[in-house]
Amino acid sequence: MRIVGQHHILMVADNQATVSLATTIERMGMICTTVPDNQAAIDKMRLVDFDVILIDLSETHMTCDLLVAIEQTAIEAIPIVLAETTEMRGIVNAAEFEAFEFIVKPAPESVVFATLLKAVKRRLALQNIPAMNRLATQWQDVFEAFPDMIIVLHEDGRILRVNPAITSQMGCTKDDLIDQQCHEVICGDTHKPSQCPFNHAGQGGKALLTEFTRSDWDGAFEMASIALMNGSENTGSLHIIRDITERHRAQQEIATLAKFPDENPNPVIRVSATGKLLYTNPAGTAVLTAMSDDSQQNVSGRWLDMIHTAMSTNQSSHAEIECAQDRLFQLEFSPVVEANYVNVYGLDITEQKQAERQLKRADSRNRMLLGSISSVLIGLDANGCVTFWNKNAQKTLGVSDDQVIGKQLCDCEVPWNFQQISEGLATVLTELTPARIDDITFTRPDNRSGLLAITINPIKDESSDKPGYLILGRDITDRKVLETQLAQAKKLEGIGQLAAGIAHEINTPMQYLGDNTRFLQGCFDDLSKLLSLHSDLLAAAREANLKPDLIGQLESMAADADIEYLMEEIPKALSQSLDGLGQVTRIVRAMREFSHPGVEEKVLVNINEAIETTITVCRNEWKYVAEMETDFQGDIGSILCLPGELHQVLLNLIVNAAHAIEDIVGDGSGGKGTISIQTRQDPDWINIRISDTGGGIPEEIASKVFDPFFTTKDVGRGTGQGLAISHAVITEKHGGTITFETDQGKGTTFIIRLPVTIESSGSATDKEKELTNVA
Amino acid sequence: MSPKLSILFVDDEPRILTGLRRMLHSMRNEFDMSLAPGGLEALQILDSQTFDLILSDMRMPGMDGVALLGEVRQRHPHMIRIALSGQASKETVLTSVGLAHQYLAKPCDADGLKATLLRLSDLQNLVESTELRKIIAALPTVPALPSNYEKLKAESESDDPSITTMAEIVQSDPGLAARVTQLVSTAFFARPHPAPSPYDGTVFLGMDVLKAIVTDASAFTPFDDEAVLQLPLQVISGHSLHVALCAKAIAQAENVETDLVSHAFTAGLLHDIGKFVFASQFTSKYQSLLTSSFEAGAIVTDRNELDAFGATHWQVGAFLLSLWGLPEPIIKAVELHHTPKTSDCCQFSPLTAVHVADAIVNEIDSTNTSSVTVGLDMAYLDRSGLADKTGLWGEIAREALDKESKSV
């Protein structure tokens, strides 16, 4: 498994933060050349064959230009682009070039390095494919001058292009071949279309190698066939045919040489069972000197033992021997028992050994580097055995490398939820793209439970068809805890702000309820006194004993009590009080509906009622600046929703509408604006339109309104999270859409569309997929 | 009987207005009531008719309460301004510090509102001069000693401000303490129990509120006029603090409720606050009054103050603190600390503590003994059965002052 070798990186960056990564990249054992702009980059690329080009330019169009230049000049290097989310969209669109890796800023160094490793790996993989496909289609000169025969076919078998090598081989002109069916003009009648070798091409960018001989072409040929893809669509195939007649001849020559040891460039020595030299070829002299006594007639020392062992066991054995001038040979002791001698075949392995030593050195350096990376880093080979387990993996998981190296990962006793990892590995194996898993539960070394976020990258394992894996992970427990606390705090803050408004809404009716009740109490006192005098009066009348002073007393008391006023005001006080009670009841009911504490599953919600509830709950937020107009389609059915979250979305949109209007009308002294909310149902969708008469959304920020943390509001009036959260709630949790129409100076309408049949399960999966794609 | 108090109620919710009018219908002989559905309407009514008091909602469309009360303070400075709001937050109070004399929260209790209005109605008897009443009503704040104000400001702006340090500064300055006590007494805050001293009140308001208002000139302001600084403000302030400490020690010794102990301290600190009003509003007049008394070798008497300003310092102090809605026992102690016998109460109260402490501190300052011979209203003390306590209280007061001087 080769992850990092002596690779050459070109960094095109105009900001210091990224430039400073160069040192670290160098420390990783790569060569990193840094240039500040496109011109310098292009100059460098002409001189050096880079593996990876890391681009971080502040101007989006410069990045695009550079990508196009890399593409057009057929440079094989893998570009990596670092950019902000918004720039990245522009780059992907403008460059129409999918082959680059990208990193969304801000990104931790580990992400940059992981992407770098991945790119280097891809570059290695690319080198395995004959590069000619790109050269041939894009580089006319090379195509024309290419010594091998090249044929490009349309998927229907028509010949699109041929190079001069093939016309000269065929003895015809281009025009004889172009647009003809390949199996007719090249293969002749000998092949049916389905058996035509040109009908087969390698899959997935891999070349298919076939060999054939043709008597009419007088020789043996090797053909590399590659499917040409446009995206995932097969558009045809490209075939490169090389004359291997010469190679065949050379192979035969080597076979012949084996029969004549004297001409063999490798040592061949024959020694008798007793160690006496029987024969050596010229190349064997150096080896013989090293393994025999001074007379050079007898093999001595441990070499003699090797001869004896080979004879007695009748089995070949191997050894290495150092000869003069630091040459190193590998020897094979091959016994021929019936003839009572041993043939010793030598092979000069000096260069190979040196390369191995270098590789080993590089490998140990890589291991040191990987060990010191601040993430959990685990290497698996194609069989799922642990090949690498860095320091941080030991620290984070509390499992030392000697407990796991060489074992199947599933057999390792690691305190994590292996089920999740195993699913991730399976996905990577089938899709061959990296997978990200964000919430693997594990037990930290201090026995507390934690959360691990990992990315599983497939890596080419040279010894197998299946990929190996590189698992890059991080303990995100503390971050998650903070995030949860933050979300909770935000929620409480929102509830607190709403609560103050609701308190005001309730306090107003409570004020006049109290005043009226107190008034009615006083009225009752006065009236009951009057009533008792009336009883006296009645009794006196019954007894026909009416005295003028009783009437006078009654009259004066009625005047004191202001009886006319009471008769007029009591009914009003009662009806206003009932109004007030109704209002308080409505608010309290709306509060209960709104928050839906404890409901975390989807339940049937009537959208009209949900809107009414939200309007009531946040009345204090809009009533000073806007009138509320509702136009509900009466027969809208209930749909499955998360009520708490849906209310939150409606609240965000209504409060935003109020703020937009407030920006125009100020404190409302010059007249209020209007918020209108409409609901409609077409067969499959419920449409909610929330319109304001505010100033509209300026064109230049229209694309950003759903971005997290984007806000135009003053500090304290909005966190910039509202619309981002709303967007997530509607699209991800309810499968709906949220869009807006805006008219400068006239207002904005937000449109929520909810499918009538929303899946009852909550779905975080879409979000996860999105993250995986970014990774 | 005092003339009817004319009140203008302002609210954008008509049912609140009619409710208030109905509730106060039984008081129609005491109050004249008018209703205005908004700020602009209120100003129109005020242009054509004179009112004693305005009681306004704070959050209204168009002209809101803050704007309305600001206009009223400017155009009709004699008026008593009360905020009645459902927006129960510290922030709302902060926007109207110095604008509203009192803050009431919706829903307000009917008896409480009636009592408040009746007390304010009586106020007109306390200070007869309309001109003086106008000046006091228009006063946004009572200035603090410059040194105390600067210390408070510096602490609030320091890297690591301490609320207890700020509380200590507040409780040594009558101007700062009056403001804090007013804010803590407002119905907008969940009022702490027992009633807090200026120190506890500062801690209760908290660092955020203090920081927000410390540089707000309608909340806190220092004496900064050249002429004012010639006056013996330090002496008055020092005397007030001594009386506060002694009154508190005496109240503690009497084992009365915690409320009364902190009221005794606050009342002691504020008992001469009227003198600060004279100093800030009638600087040269007050200067010449002090000078002439000094030259005559006499102290400034109530009669001198009445002649010069139309009211005594205790009348002005009690008027101001009533306007600001401070607790009744504090106001009584300030109003009657020279003449406790006119009180109809016969029990030990903050008034008793402040009256006795004032006499003892004066005695100690002039003769350096704690045996009080003059200045005590023996008739009042006899009536209350406390006459024999004066010796003991003298000792307690001296101890308290010794402790204070040692700690300083």
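Start by selecting the lining of the second largest pocket, which by class has 12 nonpolar, 12 polar and 8 charged residues. Here Ala, Val, Leu, Ile, Met, Phe, Trp, Tyr, Cys and Pro count as nonpolar, Asp, Glu, Lys and Arg as charged, and the others, Gly among them, as polar. You are looking at a predicted model, in which local features need pLDDT of at least 70, side-chain atom pairs count only at pLDDT 80 or more, and totals for chains, interfaces and linings use all residues. Residues are numbered from 1 along each chain as its sequence is written, chains are lettered from A in the order in which they are written, and side-chain values use heavy atoms, with hydrogens and water left out.

**The pocket in chain B**

To centre your view, pick H239(B), K275(B), I299(B), V300(B) and N362(B), which lie nearest the centre of this pocket among its 32 lining residues. The volume comes to about 1,100 Å³. A pocket is an open set of points, on a 1 Å grid over the protein atoms alone, with protein on both sides within 12 Å along at least five of seven lines; a cavity is a set where a 1.4 Å probe fits but cannot get out; lining residues have an atom within 4 Å of a point. Grid points are joined across faces, edges and corners, and a volume is the space filled by probe spheres set on the points.

Now colour α12 (233-253), α15 (283-295), α16 (302-309) and α19 (350-367) of chain B, each of which supplies at least two lining residues. The top contributor is α19(B), with 8 residues. Helices (H or I, at least four residues) and strands (E, at least two) are DSSP runs, numbered from the N terminus.

Next, look for the cavities of 30 Å³ or more, of which the structure holds 2.

**Where the chains meet**

Show both chains: 25 residues of chain A are in contact (heavy atoms within 4.5 Å) with 24 residues of chain B. Together they bury about 2,300 Å², 50% of it on carbon and sulfur atoms; buried area is the accessible area (1.4 Å probe) that two parts lose on being put together, summed over both. Select Q511(A), R518(A) and Y624(A), which supply 27% of the area that chain A buries against chain B, more than any other three residues.

The interface has 4 salt bridges (a side-chain nitrogen of Lys or Arg within 4 Å of a carboxyl oxygen of Asp or Glu). Zoom in on the one between R15(B) and D579(A), whose closest N and O atoms are 3.4 Å apart. On the chain A side, α18 (477-542) and α20 (563-595) each supply at least two of the touching residues. The largest share, 10 residues, comes from α18(A).

**Two backbone stops**

Go to K106(B) and P107(B), joined by a cis peptide bond with omega of about -10°. P107(B) sits in the loop between β5 (102-105) and α5 (110-126) of chain B.
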